[in-house]
Amino acid sequence: MELPDFMNYSNKFSRKDFVEKIARIAKGAGAKLVYAALILYYTLQSDKVSATNKAMIIGALGYLISPLDVVPDAIPIAGLADDLGVLVFVLKKVWTDIDPEIQLKARKRLSKWFDEDEIEEIKDLIPSEKKEEKSE
């Protein structure tokens, strides 16, 4: 299966559409997807992020809110799996631009929508980077 060119979705991204979609899918999507989306959203607002990384983030967030996906969102579980895959892929690409403050801000927002046991599932979102941070 060939992945779409995610940059084609950059014109779908808007702050308003992003917030509306995240609020609508928060419980059904799971904490991982929402946390990844929030981290990218807050990273996008940082002036420390390169234009290239901002373009990737906009493409990924545009893909998330676009009704046209590789796997339609209406399909339970699988419909959001491709969205999560795209978000995690971009998270790994821009990880060096993500400040701990951004992670904290995303987690605070997440705690408004999810219970602590649901939030627990985000701990392994990007395992390789988390291990590197701990070893330094």
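Visitor: How far apart are the end C-alpha atoms of helix α3, residues 51-65?
Guide: This is a predicted model. Helix α3 has 15 residues, and at 1.5 Å a residue it should span 21 Å. The expected span counts one less than the number of residues. The model agrees, with its end C-alpha atoms apart by 21 Å.

Visitor: Which residues of α3 are buried?
Guide: Buried means under 20% relative accessible area. In α3 the residues that pass are Asn-53, Ile-57, Gly-59, Ala-60, Leu-61, Gly-62, Tyr-63, Leu-64 and Ile-65.

Visitor: What share of the contacts with a separation of 6 or more joins residues 24 or more positions apart?
Guide: A contact needs heavy atoms within 4.5 Å. Among those with a separation of 6 or more in the protein chain, residues 24 or more positions apart account for 73%.

Visitor: Is the aromatic pair of Phe-13 and Phe-18 stacked, edge-to-face or tilted?
Guide: The ring centres are 6.4 Å apart, and pairing requires them within 6.5 Å. Stacked needs planes under 30 degrees apart, edge-to-face over 60. The angle here is 50°, so the pair is tilted.

Visitor: Are Phe-13 and Phe-18 buried or exposed?
Guide: The cut-off for buried is under 20% relative accessible area. Phe-13 has 14%. Phe-18 has 1%. Both therefore count as buried.

Visitor: Which residues form the aromatic cluster?
Guide: The whole structure holds three aromatic pairs. One of them joins Phe-13 and Phe-18. The cluster is Phe-13, Phe-18, Tyr-41 and Tyr-42.

Visitor: How many residues apart are Asp-99 and Lys-48, whose side chains meet in a salt bridge?
Guide: Their N to O distance is 3.4 Å, and the limit is 4 Å. Asp-99 lies in the loop between α4 and α5, Lys-48 in the loop between α2 and α3. The pair links distant parts of the chain, with a separation in residues of 51.

Visitor: Which residue forms a salt bridge with Glu-120?
Guide: The closest N and O atoms are 3.3 Å apart. Glu-120 is partly exposed at 40%.

Technical notes. Residues numbered from 1 in each chain as written. Predicted model: local features only at pLDDT ≥ 70, side-chain atom pairs only at ≥ 80, totals over all residues. Heavy atoms only, no water. Phe/Tyr/Trp six-rings, centres within 6.5 Å; stacked < 30°, edge-to-face > 60°. Buried < 20%, exposed > 50% of the residue type's maximum accessible area, 1.4 Å probe, protein only. Helix = DSSP H or I, 4+ residues; strand = E, 2+ residues; numbered from the N terminus.
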